[in-house]
Amino acid sequence: MDKYAVIGNPIAHSKSPEIHRRFAEQCKQELSYGALLSTEQNFKQDVSEFFKDGLGLNVTLPFKLQALEIADELSELAEKAGAVNTLALENKKLVGYNTDGIGLIRDIQNNHKQTLKNKNVLLLGAGGAARGVILPLLQEGVSRLLIANRTEQKAKDLLTQFSSPVMESLGLDAVPALKSIDMIINASSAGLSGISANLPENLEKVFCHDMVYAAKDTPFISEAKQKGCKQYSDGLGMLVEQAAESFFIWRKVRPETRPVLEALRKQL
Ligand code: NDP
């Protein structure tokens, strides 16, 4: 049977095996999808061991950078993101992809019916997840992309890396005073430790997306709602959409994401 897996540390709570099992069932694809626990020291060896008979791996924290280094070839999105979340064996070469950004865009556009073209977007965070979504956001034609990060220098470095005239960087202290923002995307992990995002007031017409997901409102979404936000989403849709793109890369079949997302939401 064609063999796939997700590799990370920790990995026991990963939702990827269930998502891909549901995709495979829906698309009538015969495959196995497991979960591999690895370590920084063993990562390279674990990956080459897997690809002796495996066809594809999803890579999650903390190995997305190491995966970039061991890939023989990279997609443009993976190269720009500086991170690989999907490895595929193609013509005996290990090709590295990054599907996080596409996952975010599909979730925002298809599941939440938001347009990105000509929109002023505020991106909170400048870590791996933020880097992965910048090129897809620029490709959708946003008119302004403001990147705010605790360590402002990291946001400035991204301006240099992407050299787009629509990008600007700022520190988190400048966020509350921002005006004319259409969308806020939270790619910061601050909320995981209960730290507030310090968002601007009057978010009635602003779409707010948190990459983190939870059974109830995340701290970011709670704050956005307190400040008037009516349209928002958490990161579960992005998780399912990025998985669907990996599945497509491997199997050349595009699964329907909505039933899988609904099933996962019920289990949270
Ligand atoms: P990184 O560790 O690479 O980056 C973390 C970011 O959060 C940095 O910008 C960091 O700022 C900021 N940050 C961390 N703690 C604080 C704090 N106390 N106050 C202010 N800023 C803080 O993580 P990733 O980019 O990989 O992931 C970010 C989030 O996105 C995670 O919560 C992750 O779970 C989620 N994610 C969700 C996905 C999905 O499919 N739904 C996919 C990928 C990620 P600084 O640079 O100053 O350290």
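This is a predicted model: local features need pLDDT of at least 70, side-chain atom pairs count only at pLDDT 80 or more; totals for chains, interfaces and linings use all residues.
1. Residues are numbered from 1 along each chain as its sequence is written, and side-chain values use heavy atoms, with hydrogens and water left out.

2. Now zoom in on N and O atoms (a polar contact is a pair of them within 3.5 Å). A backbone N or O atom of glycine 127 sits 3.5 Å from a ligand oxygen, and for serine 189 the corresponding distance to an oxygen atom of the ligand is 3.0 Å. On the nitrogen side, a polar backbone atom of methionine 211 is 2.9 Å from a nitrogen atom of the ligand. Taken alone, the ligand exposes 930 Å², and the protein buries 77% of that (Shrake-Rupley method, 1.4 Å probe). Helices here are DSSP runs of H or I with at least four residues, and strands are runs of E with at least two, numbered from the N terminus.

3. Next, the rings: look for five aromatic pairs. Rings of Phe, Tyr and Trp (its six-membered ring) pair if their centres lie within 6.5 Å; planes under 30 degrees apart are stacked, over 60 edge-to-face, and the rest tilted. Tyrosine 4 and tryptophan 250 make a tilted pair, 4.8 Å centre to centre with 35° between the planes. Tyrosine 4 belongs to strand S1 (residues 2-8) and tryptophan 250 to helix H9, so this pair ties together parts that are 246 residues apart in sequence. Both residues are buried (under 20% relative accessible area; exposed is over 50%, partly exposed in between, with a 1.4 Å probe and protein chains only). Tyr4 and Trp250 also form one aromatic cluster with Tyr33.

4. Phenylalanine 50 and phenylalanine 51 pair edge-to-face, at 5.2 Å and 90°. Phenylalanine 50 is buried at 6% relative accessible area, and phenylalanine 51 is buried at 10%. Have a look at arginine 254 too, which lies over the face of phenylalanine 248, 4.0 Å from the ring centre. The test for that is NZ of Lys or CZ of Arg within 6 Å of the centre and within 35 degrees of the ring normal.

5. Which peptide bonds are cis? One joins asparagine 9 and proline 10, with omega about 5°, and another runs from leucine 61 to proline 62, with omega near 0°. Proline 10 is in the loop between S1 and helix H1 (16-26), while proline 62 is in the loop between strand S3 (56-59) and helix H3 (64-70).

6. Finally, check lysine 28, which has a positive phi of about 55° although it is not a glycine. Lysine 28 sits in the loop between H1 and strand S2 (31-37) and is exposed at 73% relative accessible area.

Note on methods: A polar contact is a pair of N or O atoms within 3.5 Å; within protein, one must be able to donate a hydrogen and the other to accept it, and residues adjacent in sequence count only if both atoms are side-chain atoms.
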